[in-house]
Amino acid sequence: MYDIAVIGGGHAGVEAAHIASQFKDLKIAIISMPGIGLASAPCNPSIGGVGKGQVVREIDAMGGICGRLADMAGIQFRILNESKGYAVQSTRIQIDKIKYSKYATQILSKIDNIDIIEEKVLDIKKLEDNFIVKTDCSTWNTKKVIVTVGTFLNGKMHTGSEVSFGGRIDCESSDSLASIFKEIKTLGLRFKTGTPARLHKDSIDYSKLEEQPSDVGVRNFHFAHHPFERFQKQVSCYLARTTIETMKIIRDNKEKSPMFNGAIKGVGARYCPSIEDKAYRYPDKNSHHIFVEPESHDLDTVYPSGISTSLPKDVQEDFMRTIEGLEKCEILIPGYAVEYDVIDTTNLSYGLEYKGLKGLYFAGQVNGTSGYEEAAAQGLIAGINAVNVLRGTNELKLSRKNSYIGVMIEDLISNTRDEPYRLFTARSENRLFVREDNANLRMYDYRKSLGLNEDIDRYNDNQLNLYNTLMNLCENYFLSASDPFVKEIGIKINRRMSLSEVLKQAKIDPITTLKQFLEFNNINVPHGTIQTVGISNKYKGYIDKANEHYGKLAKLDTKQIDWKDLCVSENISFECKQRIEKIKPETFGQLKLIEGIRPATLAAVAGTF
């Protein structure tokens with residue numbers, strides 16, 4: 001008898017099992033397809049990115065594992081949006097996909113209360129308070145089940161007219177949800193994802209491409225790693241571009257594309273389009289970026305990000321060879337598209353538990369999301385909440401006001417998805433506060449609520465103390481034009497000002513200035529704390545106003561509602577009642593997020609408080 005069985009060993013599954021295992025009295029199983037490494041990267045081999053880097057740091061602050069693995073397997077580090085404001089700057093790490101999976105397996109294999117079971121799941125049944133998981137080899141009993149099967153549910157792969165079954169190349173698929181869970185509702189449409197061809201690294205002329213070297217100044221994700229330590233030999237990525245000839249070949253072969261000849265019914269991600277999508281959506285644009293990215297020190301393949309395709313292999317080869325630098329490229333694995341089943345996430349709670357079947361949780365791409373980071377975050381939340389039910393404690397709900405994970409969870413459960421979901425900074429209404437640099441502070445109370453005493457908990461305590469101490473110093477230390485420090489660095493101030501006020505000045509870099517002040521006064525503070533305090537002071541006025549605004553809204557948004565009462569109210573239209581009955585919102589804030597809810601309905605409900 002297991003306490004929790006995690007079905008699937010991808011990024012969501014690994015995260016769910018890892019966080020649950022921190023409760024030493026529980027017994028955890030990961031049941032994953034044979035021959036597939038844990039936390040493998042079948043698509044773009046990178047962790048982080050715009051909006052996603054913030055999520056990885058939130059996971060790390062909660063005691064998760066993906067940031068640790070990314071640092072250990074990282075072969076290129078970069079900051080995206082570096083020329084923009086601090087709120088939208090994000091870390092992205094190109095990983096060695098072989099080592100990433102290897103390290104995930106090594107770490108989880110050494111955890112005493114996790115068993116890794118390599119078997120194909122055939123059926124899952126609820127039996128009173130427990131579940132029976134039947135595989136092709138065994139039968140397992142468990143109190144809770146977390147389903148993290150990615151693109152494997154009824155997965156079908158397309159390359160031109162060639163069709164095979166599986167969630168990724170050289171892997172078989174799982175049966176459809178309908179055949180495993182009789183009570184689970186899938187969406188009426190299937191989703192689609194794609195991947196580009198893998199090219200032989202020695203068949204590319206890199207001298208014709210624009211080099212993008214690794215940045216030594218990027219901080220690691222994991223709290224326990226030295227901020228700038230590199231575990232792997234660093235490599236460069238390269239920028240290429242499609243041409244008029246490239247796009248002509250793609251457009252001329254439209255009838256051979258499964259996406260456009262009717263073979264693929266699934267809906268793809270709007271924000272990660274295939275090269276066919278780009279060709280037909282933007283008929284006047286012929287130059288599209290391609291990022292040529294190494295996949296591993298131990299592989300001969302590179303990943304040409306930006307040209308996902310499901311065209312026939314010979315067409316892929318033809319259009320690839322029109323790209324400067326790729327004239328003699330050799331395709332080792334052709335690109336392909338995968339369509340797969342997803343569930344209707346409006347049937348999930350904030351803790352990602354299926355409302356109609358207690359004890360069953362869903363996380364990752366099976367929930368209609370895209371990206372390793374989104375999957376890992378959902379695995380973390382599902383793992384914590386499965387544990388909380390076993391412990392008899394409250395469901396953990398992350399707020400969208402202070403976390404990107406909270407934004408994603410509320411978005412997922414509040415509306416039926418009509419396309420794969422992807423996180424980006426614009427989804428957060430409070431992004432000046434929800435930054436990478438302060439993730440440990442933002443997640444402090446959530447992690448504290450778990451009642452654990454691990455290294456991350458002691459680190460978070462220390463970070464909070466350092467932050468408060470330095471913030472107090474900034475607010476209570478006053479400078480004047482005659483101050484030696486002011487004269488030393490040439491700041492121009494015309495009145496007595498606190499250090500906090502100085503850091504807010506338009507032409508002052510708050511991080512550099514605060515660091516100079518501390519060095520001038522022989523005060524030793526870690527760079528990460530300097531960064532967080534400097535940025536927090538810079539944005540303080542905006543954040544305070546936003547907090548005041550959100551505080552007023554929060555009083556209304558957190559009001560509990562009974563959706564059943566709303567469905568019989570005479571003041572609400574029939575259409576809105578249908579939407580309310582489908583989503584079953586728990587709070588006024590969730591009610592507001594439901595697509596199609598009229599202002600009159602919101603006014604009627606608000607008037608009852």
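**Notebook: folds, salt bridges and one proline**

I counted 21 helices and 22 strands in the protein, taking helices (H or I, at least four residues) and strands (E, at least two) as DSSP runs numbered from the N terminus. The radius of gyration is 25 Å, close to the 25 Å that the globule rule gives for 609 residues, so the protein is as compact as a globular protein of that length. For that entry the radius is taken over C-alpha atoms, and the globule rule is 2.2 Å times the number of residues to the power 0.38.

The model is predicted: local features need pLDDT of at least 70, side-chain atom pairs count only at pLDDT 80 or more, and totals for chains, interfaces and linings use all residues. Residues are numbered from 1 along each chain as its sequence is written, and side-chain values use heavy atoms, with hydrogens and water left out.

**Overall**

I took the box along the principal axes, and the C-alpha atoms fill roughly 75 × 65 × 55 Å. Buried residues make up 56% of the 609; buried means under 20% relative accessible area, exposed over 50%, and partly exposed in between (1.4 Å probe, protein chains only).

Among contacts with a separation of 6 or more, 72% come from residues 24 or more positions apart, where contact means heavy atoms within 4.5 Å.

**Helix α1**

I checked burial along helix α1 (residues 11-20). Ten of the ten residues are buried, so the helix is largely enclosed by the rest of the structure. H11 and E15 are among the buried residues of α1.

**Charges and salt bridges**

I found 78 positive and 78 negative side chains, the centres of the two sets lying 4 Å apart. Lys and Arg count as positive and Asp and Glu as negative, with His and the chain ends not counted; the place of a charge is NZ of Lys, CZ of Arg, CG of Asp or CD of Glu.

The salt bridge count comes to 32, the rule being a side-chain nitrogen of Lys or Arg within 4 Å of a carboxyl oxygen of Asp or Glu. I looked up three of these pairs.

K143 and D3 meet at 3.2 Å, N to O. K143 lies in strand β9 (residues 139-147) and D3 in strand β1 (residues 2-7), so this pair ties together parts that are 140 residues apart in sequence. K143 is partly exposed at 31% relative accessible area, while D3 is buried at 10%.

E373 and K52 form a salt bridge at 3.5 Å, N to O. E373 sits in helix α9 (residues 372-391) and K52 in helix α2 (residues 52-61), 321 residues apart. I noted E373 as buried at 4% and K52 as buried at 9%.

E295 pairs with R198, the closest N and O atoms being 2.8 Å apart. E295 is in the loop between β16 (289-294) and β17 (301-305), and R198 is in strand β13 (residues 198-200), 97 residues away in the chain. Both E295 and R198 are buried.

**P42**

I placed P42 in the loop between β2 (28-32) and β3 (46-48). P42 counts as partly exposed at 26% relative accessibility. Leaving out residues up to four places away in sequence, P42 touches R168, T195, R198 and Y372. I also took the C-alpha separation of P42 and A279, which is 24 Å for residues 237 apart along the chain.
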